Amino acid sequence: SRYAVDLLLRAPQNAALLGDAEGLKPRPGDEILSSMRMAARRHETPDAAVAAIRAARRSELLRLAMADLLGELDVPTLGRALSDVMAATIGAALEVAARGSQVPPIAVIAMGRWGGRELSYASDADAMFVVADSDDPEATGTAVTVVSRLRALLAQPGPDPALSIDIDLRPEGKRGAMVRSLTSYRAYYGRWSATWEAQALLRAAPGAGDVGLADALLESVAGIRYPADGLSRTQLHEIRKLKARMEVERIPRGSDPSRNTKLGPGGLSDVEWVVQLLQLQHAATLPALQTPSTLDALAAADQAGLIESADAEALEAAWLLASRIRNAMMLLRGRPGDTLPTDVRELSAVAQMLGYAKGESSLLVEEHRRRARLARQVMDKLFWEPA
């Protein structure tokens, strides 16, 4: 694993984790945040303080990578643990970025995989930023300065894997404001929100910063992400059109879509969009569907009879295998990738990481194709067929 080796070479003392019976168990998020805060407080300059936070993050990532390589973690446990590390890193760094600023409370809303607590090693932090309402007309501007500083500090080149905060899921996407007040968010979602924004909110959850502020925002948009009347025909058409465009535009040209674990037929995207469609249609009347977790929502849909159990099992199996493959490729190469390797040696290494014997890499390819094919059949039945 180039990923684990690179982390270990930059902090060799962390090899001691392998000799500790508890060393490879994920630490609670609160405990990680506390240790990162303590590390940051030893340094006066923001650069040094965030470097200390990132060093602590590096140790946590190595802990998880080694546990994963040794078969100690399943996909859901790893996703939750990586999400806890992300939340602690951003939370501690936000406090550093706000030093010396008279800024009202700021909440970081976790979106996408972070919000669902389903992060992979290669995941960015999808996020929105909300600042508490204030009589100070400069409050939002100050918050923008703090958030910009936070993103810059975490994005600086360093000995640890990069941490990019992606804010494209905010209202109005790339054209929207970086930070809004609570009142501004409520006004926007109450009047202007588009169908894709309601879908994006399905995986929104408190991420870092002021939890009470995050909860207030999420409570105010409950009717947007869990619409009382489900989806109209127009909204259903919008979602299908967006999904079709993604499949055409985002898969790299010249690559084999069937080997793409994220955007290919039966990949992660297919599973997640089926689940999210069920949530938009039924979550208002079925509270168990009101969860940012893909697998929890899928289980709730199965329990409620919205999907046949065999179909739910097919989606879950495809999602878990695709997630395992993506994580294994990051561990192997030290860089992200969504497509099953075509290089024989790389494919063999990925297969062995997933438990196949040497020389059985073709079995991994066949299993991926089979599970993806079954998931795509469910996608065709539940997502593409006319309502």
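Glutamate 247 and arginine 376 are both buried, where buried stands for under 20% relative accessible area, exposed for over 50% and partly exposed for anything in between (1.4 Å probe, protein chains only). These two residues form a salt bridge whose closest N and O atoms are 3.1 Å apart; the term covers a side-chain nitrogen of Lys or Arg within 4 Å of a carboxyl oxygen of Asp or Glu. Helices (H or I, at least four residues) and strands (E, at least two) are DSSP runs, numbered from the N terminus.

The model is predicted, with local features requiring pLDDT of at least 70 and side-chain atom pairs counted only at pLDDT 80 or more, while totals for chains, interfaces and linings use all residues. Residues are numbered from 1 along each chain as its sequence is written, and side-chain values use heavy atoms, leaving out hydrogens and water.

Across the whole structure, the search finds 25 salt bridges. One of them joins the side chains of glutamate 272 and arginine 203 at 3.7 Å, N to O. Here too distant parts of the chain are linked: glutamate 272 belongs to helix H12 (residues 268-282), and arginine 203 to the loop between helix H8 (195-201) and strand E5 (205-209), 69 residues away. Both partners, glutamate 272 and arginine 203, are buried.

Arginine 369 is partly exposed at 35% relative accessible area, and glutamate 366 is partly exposed at 45%. Elsewhere, shared partners connect Lys243, Glu247, Asp270, Arg376 and Asp380 into one salt-bridge network.
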